[in-house]
Amino acid sequence: MRGGSIVTAGSSAECDLGISDGRISQIGGSLRGRTEIDAAGALVLPGALDMHVHLSSAEPPEPGVPAWVDDFASGSAAAIAGGVTTIGNMTFPAEGQSLRQALARDLGAARGTAAVDYVLHPVLNDPSPEALADLPALAADGHTSVKLFMLSGEFEARTAEMIEAVRIAGNSGMLTLMHCEDGALVDFAGEQLLAAGRGDLSDWADSRPVLAERAAVERAVAICEATGAPIYIVHLSSGSALRAARRGRARGLPVFVETRPLYLHLTSAALQERDGGKYIGAPPLREAADVAAMWSGLADGSIDTLGSDHAPWSLRDKIDASLDVTTARQGVADLETMMPMLFSAGVRTGRISLARFIALTSTNPARLFGLYPRKGTIAVGSDADLVVLDPQLRRTIDGRSMQSNADYSVYDGREVYGWPRFTVSRGEVVLADGQVIAPTGRGQWLSRNPTAAL
């Protein structure tokens, strides 16, 4: 790779880079290769790790029931086009499935279709004795994360078992991902709206108030303190919740925070548009002060990572007039836009440094999820996962022409600077001049080490 500016979270240099057998073999010095990539005028960055995606591995549970429209094939294509070389997929057990059976199902689906490397996060809905007993074995097998939904009725009904799951996970070297919304408070808010004759999709923000997120974050921090186990708060959305997480961190607790692009680029005003339902995610879009708080957290390090929470729907299914705040379809397509949007609105404007950009999208997730230094950096011996990002490459977002099967983007019409010219995964060029050229099924499942502190 010639002519680019090679940048990591800790250094930068204009030099050539050599790749051999899928790994970085040389940085700088005299190089000759069979294949050369011209990176002149571009930034050569570590490939991004998006540790929060939702890709479907099977048909919808019932015929005719809408579901997320991306599988591991189309999701991989979107990742590659956006400079993401490793994904972390949420694995939900079907009715009657164990965590191990659900993992086997998704591993089977990804094995023949994923074009980028991947890890799986099993979702613990039923903290049965069998499930808790299986956590150490899953960690030993390289699945070093588990996800809990504090929003679920099962969490409230079986809190003691859920806390025990966090403790066991921590003792086994696992990182517990936590969706932080208080289920009882969310239910109360929804019931109050419906009783007042409200509750359509435009009321989504009021149905999931900030107080429900803040209360859940405070509880998650307390669980971390009680168990000593590390926790990872997914898609944090509000300044109030961020302050709660900061207070835990200030006490030396292993509390890590992710936010998602929606909370950086949009406010709740979007929900009042004619088709405002297309912006629905959980937690909801917040206010301008919360957007400012998220950018501040990215810059000062109190937010550790950015995850897309890619959960794409068709526009028709998303804005279905029969939906209300209790049945809304949550999630948007964001795998392809996450990196360019952050660069354009963050680095280019001076809100965050290029070093923070790399830490948020690559180095920090690689460390937290047990993949560093194989992933997350540009160093001799590391996997050659690279993005040649052109800071002057400008495009207007059009979701219909992107790689995701979603037929829209929440950022349609926005002009964005900073798109990948090339994406390289384990030494293979998988994106060249904007064209995805990755063979189907080339992605590999990654066995992980225990989570590491930043």
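Residues are numbered from 1 along each chain as its sequence is written, and side-chain values use heavy atoms, leaving out hydrogens and water. As the model is predicted, local features need pLDDT of at least 70 and side-chain atom pairs count only at pLDDT 80 or more, while totals for chains, interfaces and linings use all residues.

Reader: How many of the ten residues of helix 1 are buried?

Author: Helices (H or I, at least four residues) and strands (E, at least two) are DSSP runs, numbered from the N terminus. Buried means under 20% relative accessible area, exposed over 50%, and partly exposed in between, with a 1.4 Å probe and protein chains only. The buried residues of helix 1 include Phe72, Ser74, Gly75 and Ser76. Helix 1 (residues 72-81) is largely enclosed by the rest of the structure, because the buried residues number nine of the ten.

Reader: Which strands and which helix are among the elements that cover the buried residues of helix 1?

Author: The cover is made through contact, that is, heavy atoms within 4.5 Å. The elements involved include strand 7, strand 8 (117-122), strand 15 (415-425), strand 16 (428-432), strand 17 (435-436) and helix 2 (99-111).

Reader: Is Asn89 buried or exposed?

Author: Asn89 has its place in strand 7 (residues 84-91). Leaving aside neighbours within four places in sequence, its contacts include Phe72, Asp106 and Val119. Because its relative accessibility is 0%, Asn89 counts as buried.

Reader: Which residue has its backbone nitrogen 2.7 Å from a polar atom of the side chain of Asn89?

Author: Asn89 and His54 are 35 residues apart in sequence and 5.6 Å apart in space, C-alpha to C-alpha. Val53, His54 and Leu55 are among the residues in contact with Asn89. The backbone nitrogen at 2.7 Å from the side chain belongs to Leu55.

Reader: How are helix 3 and helix 5 oriented to each other?

Author: Two packed helices are described by the angle between their axes and the distance between the axes. Axes are lines fitted to C-alpha atoms, for helices over the stretch in contact, and angles run from 0 to 180 degrees between N-to-C directions; angles under 35 degrees count as roughly parallel, over 145 as roughly antiparallel, 65 to 115 as roughly perpendicular and the rest as oblique. The axes of helix 3 (residues 129-140) and helix 5 (residues 159-171) come within 9 Å and cross at roughly 15°. Helix 3 and helix 5 are therefore roughly parallel.

Reader: How are helix 5 and helix 8 oriented to each other?

Author: The axes of helix 5 and helix 8 (residues 210-227) come within 9 Å and cross at roughly 60°. The contact joins Thr159, Ile163, Val166 and Arg167 of helix 5 to Arg219, Ile223 and Thr227 of helix 8. Helix 5 and helix 8 are therefore oblique.

Reader: How are helix 8 and helix 9 oriented to each other?

Author: The axes of helix 8 and helix 9 come within 8 Å and cross at roughly 10°. Val210, Glu213 and Arg214 are among the residues of helix 8 that meet helix 9, where Ser240 and Ala241 are among the partners. Helix 8 and helix 9 are therefore roughly parallel.

Reader: Which residue has a side chain joined to that of Arg286 by a polar contact of 2.9 Å?

Author: Arg286 has its place in the loop between helix 10 and helix 11, and counts as buried because its relative accessibility is 5%. Its side chain reaches the backbone oxygen of Arg208 at 2.8 Å. The side chain joined to it at 2.9 Å is that of Ser237.

Reader: With the side chain of which residue does the side chain of Asp304 make a polar contact?

Author: Asp304 is found in the loop between helix 11 and strand 13 (305-306). Asp304 counts as buried because its relative accessibility is 3%. The polar contact of its side chain, at 2.8 Å, is with Arg249.

Key:
Polar contact = N/O pair within 3.5 Å; in protein donor to acceptor, adjacent residues only side chain to side chain.
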